[in-house]
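Subject: Handover of a structure and the findings on it

Dear colleague,

Please find below the structure that I am handing over to you.

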Amino acid sequence: MLGVLPGTVGLVQATEVVKLILGQGDPLIGRLLMYDALQMNFNTFKIRRDKNCPVCGDNPTITELMDYQAFCAMDHSDAAD
């Protein structure tokens, strides 16, 4: 069962990208999709925007990607080639 879950979720994500690129359909913006593989159910829930979110809120404090190598104190000799 676990082997097919990434494929199912990936298919849903790819479908969302195509909808956004083409400007067609109703994308999941502002909604959360919940997938129950055992019951084969999909449910959506409306979610509200968090005005205090550090990424997308009214006053974002996170405005660029993190340097993970520096954050994890990893030097370039430890990085996988």
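The model is a predicted one: local features need pLDDT of at least 70, side-chain atom pairs count only at pLDDT 80 or more, and totals for chains, interfaces and linings use all residues. Residues are numbered from 1 along each chain as its sequence is written, and side-chain values use heavy atoms, with hydrogens and water left out.

Helix α1

Helices (H or I, at least four residues) and strands (E, at least two) are DSSP runs, numbered from the N terminus. Helix α1 comprises 18 residues, 5–22, and its end C-alpha atoms are 26 Å apart, which agrees with the 26 Å that it should span at 1.5 Å a residue; the expected span is 1.5 Å times one less than the number of residues. After α1 comes G23, with a positive phi near 70°.

Salt bridges

The whole structure contains 3 salt bridges, each defined by a side-chain nitrogen of Lys or Arg within 4 Å of a carboxyl oxygen of Asp or Glu. For accessibility, buried means under 20% relative accessible area, exposed over 50%, and partly exposed in between (1.4 Å probe, protein chains only).

- K19 pairs with E16, their closest N and O atoms being 2.6 Å apart. The two are 3 residues apart in helix α1 and therefore separated by about one helical turn. K19 is partly exposed at 21%, whereas E16 is buried at 14%.
- R31 pairs with D26, the closest N and O atoms being 3.6 Å apart. R31 is partly exposed at 24%, while D26 is exposed at 53%.
- D58 and R49 form a salt bridge with an N to O distance of 3.0 Å. D58 is partly exposed at 47%.

Aromatic pair

The search of the whole structure gave 1 aromatic pair. The ring centres of Y35 and F42 are 4.6 Å apart and the planes lie at 20°, so the pair is stacked. Rings of Phe, Tyr and Trp (its six-membered ring) pair if their centres lie within 6.5 Å; planes under 30 degrees apart count as stacked, over 60 as edge-to-face and the rest as tilted. Y35 is partly exposed at 24%, and F42 is partly exposed at 42%.

Residue N41

N41 belongs to strand β2, residues 41–46, and is partly exposed at 36% relative accessibility. Leaving aside neighbours within four places in sequence, N41 is in contact (heavy atoms within 4.5 Å) with M34, Y35 and D36.

Yours sincerely
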